[in-house]
Amino acid sequence: MNRNELKTLFFQMDLSNVPVKKQIIVDYNNNPYWVGYGTIEVLSDGPNGYSSFKTHQEFPLEYVETREEYQSGDYELIINGEKYDKLEMFDKTKTTYTYTK
């Protein structure tokens, strides 16, 4: 099987049964030289296709607030591996963000 045949098979796959997955993944303060910086990844997968966007920002949680995906409420928010409902759970007055209950 050559490359063109593989590509044709890939584009003919049935994707109607793919579960919908929408996530905003924030990973921050993992580098001692870049305190306050983090990466944001916006993932969307489902019957309509796959989409991924990743960026590195100085204030990652403030950046997430401005994204239309977060404002829509359709995406689940994952920060440093833990799921959260809203960004209001964080104290943004500190340089390093901490979770407050």
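Is Asn 17 buried or exposed? At 61% relative accessibility, Asn 17 counts as exposed, where exposed stands for over 50% relative accessible area, buried for under 20%, and partly exposed for what lies in between, with a 1.4 Å probe and protein chains only. Before I go on, let me say that this is a predicted model, in which local features need pLDDT of at least 70 and side-chain atom pairs count only at pLDDT 80 or more, while totals for chains, interfaces and linings use all residues. Residues are numbered from 1 along each chain as its sequence is written, and side-chain values use heavy atoms, with hydrogens and water left out.

I will begin with the overall layout. Read from the N terminus, the elements follow one another as α-β-β-β-α-α-β-β-β-β. Of the 101 residues in the chain, 24% are buried.

Now to the sheet. Five strands make up an open sheet in the order S3-S2-S1-S4-S5, with mixed pairing, and two strands are taken to pair if DSSP finds at least two bridges between them. In general, strands of a sheet pair through backbone hydrogen bonds, either parallel or antiparallel. Here S3 and S5 are the edge strands, each pairing on one side only. On average, and with direction ignored, neighbouring strands of this sheet are turned by 20 degrees against each other; the axes behind this value are lines fitted to C-alpha atoms, for helices over the stretch in contact, and angles run from 0 to 180 degrees between N-to-C directions.

How many bridges join strand S2 to strand S3? Nine bridges do so, between residues 38-46 and residues 49-57, and the two strands run antiparallel. S2 and S3 form a hairpin, with two residues between them. Within this pairing, Thr 39 has His 56 in S3 as its bridge partner, and Ser 44 stands opposite Ser 51 in S3.

Let me return to Asn 17, which is placed in the loop between H1 and S1. The C-alpha atoms of Asn 17 and Pro 47 are separated by 6.7 Å, although these residues are 30 apart along the chain. The loop between helix H1 (3-11) and strand S1 (21-28) also holds Met 13, which counts as partly exposed because its relative accessibility is 46%. Together with Phe 10, Phe 11 and Leu 15, Met 13 forms a nonpolar patch on the surface, with about 460 Å² of accessible area in total. For such patches, residues need over 30% relative accessible area and no salt bridge, with like charges joined within 9 Å and nonpolar side chains (Val, Leu, Ile, Met, Phe, Trp, Tyr) within 5 Å, and the areas come from the Shrake-Rupley method with a 1.4 Å probe, where for residues only the protein chains shown count as cover.

Next come the aromatic pairs, for which rings of Phe, Tyr and Trp (its six-membered ring) must have centres within 6.5 Å, planes under 30 degrees apart counting as stacked, over 60 as edge-to-face and the rest as tilted. By this rule there are two aromatic pairs. Phe 10 and Phe 11 form an edge-to-face pair, at 5.4 Å centre to centre and 70 degrees between the planes, and both Phe 10 and Phe 11 are exposed. Trp 34 and Tyr 37 form an edge-to-face pair as well, at 4.8 Å centre to centre and 85 degrees between the planes. Trp 34 is partly exposed at 43% relative accessibility, and Tyr 37 is partly exposed with a relative accessible area of 25%.

How many salt bridges does a search of the whole structure find? The search finds two, a salt bridge being a side-chain nitrogen of Lys or Arg within 4 Å of a carboxyl oxygen of Asp or Glu. In one of them, Arg 67 meets Glu 69 with the closest N and O atoms 3.1 Å apart, and Glu 69 is buried, at 16% relative accessible area. Glu 76 and Lys 83 also form a salt bridge, at 3.5 Å from N to O; Glu 76 is partly exposed at 28%, whereas Lys 83 is exposed at 63%.

One backbone detail remains. Asn 80 is not a glycine, yet has a positive phi of about 50 degrees. Asn 80 is placed in the loop between strand S4 (76-79) and strand S5 (82-84), and is partly exposed, with a relative accessible area of 35%.

Key: Helices (H or I, at least four residues) and strands (E, at least two) are DSSP runs, numbered from the N terminus.
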